[in-house]
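Please look over the sequence and the structure shown here before reading on.

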Amino acid sequence: MFFSKTKKVMFTLSTCSLFLVTGCLQSITGSNFSASNSLSSNQIETESDGIVALKEVFDSSVEKIPTLSAVGYAVVSSQPGRTEAQKRLMAIRSARMAAMRELAEQIHGIQVDSNTTVIDLMVQNDTFRAVVKGIIRGAKTVRINPTGEDTYETVLEIDKDMMLMMLRNARRT
């Protein structure tokens, strides 16, 4: 019974919010406020610029393809292990995986999901979830350095030859 009552409240709140937002949008679009029109055209230009830039990358020559690099960090003391040497090796591995994730974000993008629960016009719960999915091939370790007393930094790089190979594979599919 409580679950269905909560659903009814959420549905009513969502419906009221939809009408409120729709009314606001109609009053804004119905007005002679020219700044909103220029803002939307700027957004369209920005999106089309992004599409043009992506097309340029796919159609680019070898000289234009960048070398991608990524940095990952990890704390030694928070790693599992019985000895300090084991923890240090685990921190290096964790820093490398963090850098791999950053490379995947640069190449494949990041999917962000969010959920917000509002009760009595107050935010009760706000959650975000980021997912990165992709394959990283040919990443070379540039350097592994201790930074400070308890942290390691790992820098990875994918050179333009590997990027060219990945672009060729992407064009085939």
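## A residue at the surface

Does isoleucine 110 count as buried, partly exposed or exposed? With a relative accessibility of 41%, isoleucine 110 is partly exposed, where buried means under 20% relative accessible area, exposed over 50% and partly exposed in between, using a 1.4 Å probe and protein chains only. Isoleucine 110 is placed in the loop between α3 (84-108) and β2 (111-119).

Together with Val112 and Phe128, Ile110 makes a nonpolar surface patch of about 330 Å². Such patches consist of residues with over 30% relative accessible area and no salt bridge, nonpolar side chains (Val, Leu, Ile, Met, Phe, Trp, Tyr) being joined within 5 Å and like charges within 9 Å.

## Basis of the model and overall layout

The model is predicted: local features need pLDDT of at least 70, side-chain atom pairs count only at pLDDT 80 or more, and totals for chains, interfaces and linings use all residues. Residues are numbered from 1 along each chain as its sequence is written, and side-chain values use heavy atoms, with hydrogens and water left out.

The chain contains 4 helices and 5 strands, in the order α-α-β-α-β-β-β-β-α from the N terminus. These elements are DSSP runs numbered from the N terminus, helices (H or I) having at least four residues and strands (E) at least two. Of its 173 residues, 14% count as buried.

## Salt bridges

The whole structure holds 4 salt bridges, each defined as a side-chain nitrogen of Lys or Arg within 4 Å of a carboxyl oxygen of Asp or Glu. One of them joins glutamate 105 to arginine 101, with the closest N and O atoms 3.1 Å apart. Both residues lie in helix α3, 4 residues apart, about one turn of the helix.

Another salt bridge pairs aspartate 113 with arginine 129 (3.8 Å, N to O). Aspartate 113 belongs to strand β2 and arginine 129 to strand β3 (residues 122-131), so the pair ties together parts 16 residues apart in sequence. Aspartate 113 is partly exposed at 32% relative accessible area, whereas arginine 129 is exposed at 51%.

## Glutamate 153

Glutamate 153 lies in strand β5 (residues 151-158) and is buried, with a relative accessible area of 10%. The side chain of glutamate 153 meets that of arginine 143 in a salt bridge (3.5 Å, N to O). Arginine 143 is in strand β4 (residues 140-146), and the pair, 10 residues apart, links distant parts of the chain.

Methods:
Areas by Shrake-Rupley, 256 points an atom, 1.4 Å probe, with all protein chains shown as cover.
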